Amino acid sequence: MCYSLNNLSDFWRSIDSIILLWSWPFGFTFQGEACGSEYGIKGCHITDDRRQYYKAHGVMFHIDGALPNLINMPRPHQKCVWMNMESPDNTPRWTGTDDLFNLTANYRRDSDVWVPYGRIIEVSEKDKPFTIQPKDKLVCWVISNWNSNYSRVKYFNELSKHVKIEAYGRSFNWYIKDYKATLSSCKFYFSFESSSHKYYFTENLFNSMKVGTVPVVLSPPRENYEEFLPADSFIHVNDFKSPQELAEHLKFPDHNQEAYEHYFTWRQRFTAKRSHFGREHACHICDHIRKHKGYRVFTGLNKWYWD
């Protein structure tokens, strides 16, 4: 397994921390210099050059990619990091990995390096006061992964009987040219996840909140969302007895601006920010490794994530 030597030399302590990305997450590339400018993390060098493997203090493995001969690879002073942002339902299990990694980087709050899909942050002085943009659509949904067995599709089919929904994506043969403009023109947006797991709410949620559209969420339960979002900033389908009841609730603010504006009270002090996929993980992994020099192995990976 990867390990950290207790007697790291002064040489290794003095140079920048090197984080090797074994593969770019989903092919998304970025500049390593962003660690300082974006997150205030200094002294980090991010690279995808595998020739730097033996110098790297940490190696980030995106679980969607392949790990060729990883178990047989020699590992000197570095830490191996399991990085993944997919839900357990959409993540393949790898045998032989229970004692292979030192750290985890994930959307789950109990991971070593926690990077959610987005955050609610305080408004800075330089931010312009929030104003609700004009809306010409009541309810919207952009869906790329259509599966008739998913709970979100079943709920959509029933809800669409009671309220008009502007649906976009491959299944509807209607593609968006300007995602941000379309999203901001909707009063409500379905942020329905493909699977239900604690802490698993994706960029769709934060995208809608950022542009000033009220998200309607399906899973996980409301209590989980309220750990990270203002309670009156979103609508949860579990608050209603039926899709028809939710439909009537969505229609009411369409004729009552004051009721609709209530969903944006939180914007007086806060705003939504989407995380930068891959870049934020690499930078915070670097910061964690610089601050935690001790030996550590993450045991029972499969049980932690899937069971």
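**Pockets and cavities**

Analyst: The second largest pocket holds about 510 Å³ of space. This is a predicted model, where local features need pLDDT of at least 70, side-chain atom pairs count only at pLDDT 80 or more, and totals for chains, interfaces and linings use all residues. Residues are numbered from 1 along each chain as its sequence is written, and side-chain values use heavy atoms, without hydrogens and water.

User: What makes a space a pocket or a cavity?

Analyst: On a 1 Å grid over the protein atoms alone, a cavity is a set of points where a 1.4 Å probe fits but cannot get out, while a pocket is an open set with protein on both sides within 12 Å along at least five of seven lines. Lining residues have an atom within 4 Å of a point.

User: Which residues lie nearest the centre of the second largest pocket?

Analyst: Lys128, Phe130, Lys210, Arg267 and Thr271, out of 18 lining residues. Strand E13 (270-274) gives the largest share of that lining, 4 residues. Strands are DSSP runs of E, at least two residues, and helices are runs of H or I, at least four, numbered from the N terminus.

User: And how big is the largest pocket?

Analyst: Its volume is about 680 Å³. Of its 32 lining residues, Ser144, Tyr200, Thr202, Glu203 and Asn204 are the closest to its centre.

User: How many cavities of 30 Å³ or more are there?

Analyst: The count is 2. The second largest cavity has about 40 Å³ of space, and its lining includes Ser208, Tyr263 and Trp266.

Note on methods. Points joined across faces, edges and corners; volume = space filled by probe spheres on them.
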